[in-house]
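Please look over the sequence and the structure shown here, and then follow the paragraphs below.

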Amino acid sequence: MKVLELAGVGKRFGALTALSNVTLDVEEGAIFGIIGPNGAGKSTLFNLLTAIYRWDEGSISIGGLSIAGLSTQRIARLGVSRTFQNLRLFGNASALANVMVGEHVLLEANVLDSLLNTGRERRERTEAEKRARELLRFVGVSGVEEQFARNLSYGTQRRLEIARALAARPRLLLLDEPAAGLNSSEKHELVSLIRAIRDGGTTVLLIEHDMGLVMNLCERIAVLDYGEKIAEGEPREIREHPRVIEAYLGAPA
Amino acid sequence: MIYTYAFVAIAACVAIERFHNRRAKATIVLILAAFLAIAPRFYGNDAVFSVLADAAVYVMLALGLNIVVGFAGLLDLGYAAFFAIGAYTYGMLASPQFGLHLPFWVLLFLAAALAALFGALLGAPTLRLHGDYLAIVTLGFGEIVPQIFQNLTKYTGGPNGIAALDVPTFFGHSFGASVMPYYYIALVGIAAALWISRNLRESRLGRAWMAIREDELAAKHAGIDVLRSKLAAFAIGASFSGIGGVLFAAKLALVSPDLFGFQVSVLIVSMLVLGGMGNIVGVVVGSLLLTIVNSALLPQINSLVDATFHTTVDLSNLHFLIYGAILVGIMLFRPEGLLPNRERRAELHHAGEAAGDA
């Protein structure tokens, strides 16, 4: 079963071609990596998947359903969660509240429930809070529930953002450079966390610059360069792929 | 006398902020409610309760605006428009203007619904605006609405407004000339507004507002319907001032467009800034303080000045100067307001200090 399918996707910003003719399938239960030099179009690709931008050509489906024309919040409701390259936490809110916002799509309380604090609202809140605490424990940051997100250490903030994304119980989790700024022991923990997330049934698609981490973690990797997919395969294949070596090290003299 | 009531109420609010024990807070609220309900039988006169009833209306307005500005983070500088809509609902439907004399109690709810409707209607065009742009557009709406009431002379009495509004009745008993019924209704109104504000803050919708206020893009990615949540904030916030407007109009037995000008919007925003935006108790304190300054302290100082220097100056012209001075002073010395919530304090101070507070 394919969670994500891209067929011939192209995106231009004026004269600049950010992505051209990208075709990509991500199988359910995979840990899929997208790598490529700076400006290769990796983040643009993520932004197409969550409807920050609209693509110009091709088609994108999630779980077999085309996402053409859907809004960011509709796509979130289809089970796509993401983290951001430069963290976008709700800084002046507690870690717990951050995760509880992530659970928004799972809750059913409507405006009237919220106004009148009905039984449904209270019941959902209690459950949401419990799940949020569990999630914080799962990503390894329990003990900071009541602290403001902005006061947490960088590594903790990264994990908190992952917890917020997981709170929606997504089928596809997009991680935009999750290891950026982490030290080597934190990276190590991140690898086991991402594996645990996948083992919990969530497909993971990640953009990363850290080659060692990607090669170690991902089962399948696609390489972008100047907006084109130049290679796709298992880590071993990618490592030896001549075009990948060329893209990263330059053409042989 | 007015200061006694104001002092008790404000002291209770400060105590509620200081205590963290739920039961202690509930006890203080109950004692304060009992005091405000019973004390008027023994202490005070009509003049005092007239000011207090007005203060209570302003507390409701401030709590309503707090939902828009404090919770959802949408700077609305035209909030008085909904106050006007509430007041004119009563003015037009319970007066000789059209010969309609709908009951006060029905209009209370009708005005809330109408204000909510207009809150959503006037909010809709602003949904994609942020910060300064939103403030300017809402400022415009705040000017337009009283202008419309002024120019629709045929229906609204134009610049003179509508006078001789119906005196409300309660199970056949007329309110007469007493201000006490308004005082009590406004107290119940505040209680309801406080209850709803607290419900909302802790709710799914409240968390959605927090997310929008903090990072709209991240909120969208969490599946929050940003536009609908903002509309809900505009509508709910406006409904409070619809009720406030009916109370205000019925008590004054008069509506006219100049009662709902820009200065009212500024006054309410000042109350939020003074008390601490986003914090329910802080907003109550801010609005009480400013109303007391406006309606009691300034007139007293005015007469004192006149008596001392045998002059006839009108200090009410200085209101704007005073709001300005208050805002500047608060911004300089306590930008988070007198009784801020944790979020606002954290936002405006260094991370280290906020951690110490938390």
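How many helices and strands are there in chain B? Chain B has 16 helices and 4 strands, where helices (H or I, at least four residues) and strands (E, at least two) are DSSP runs numbered from the N terminus. This is a predicted model, in which local features need pLDDT of at least 70 and side-chain atom pairs count only at pLDDT 80 or more, while totals for chains, interfaces and linings use all residues. Residues are numbered from 1 along each chain as its sequence is written, and chains are lettered from A and ligands numbered from 1 in the order in which they are written.

The C-alpha trace of chain B spans about 55 × 45 × 45 Å along its principal axes. Of its 358 residues, 52% count as buried, that is, with 20 or more other C-beta atoms, placed from the backbone, within 10 Å of their own.

In chain A, 4 strands form an open sheet with antiparallel pairing, in the order β2-β1-β4-β5; two strands pair if DSSP finds at least two bridges between them. The edge strands of chain A are β2 (16-27) and β5 (65-66), each of which pairs on one side only. Strands β1 (residues 2-13) and β4 (residues 57-62) of chain A pair over 5 bridges in the antiparallel sense, and A7(A) stands opposite S59(A) in β4(A).

Between the chains, 33 residues of chain A are in contact with 30 residues of chain B, contact meaning that the C-beta atoms, placed from the backbone, lie within 7 Å. On the side of chain A that touches chain B, α2 (72-77), α3 (95-102), α4 (111-116) and α5 (119-138) of chain A each supply at least two residues.

Conventions. Two residues are in contact if their C-beta atoms, placed from the backbone, lie within 7 Å. A residue is buried if 20 or more other C-beta atoms lie within 10 Å of its own, exposed if 12 or fewer, and partly exposed in between; C-beta atoms are placed from the backbone.
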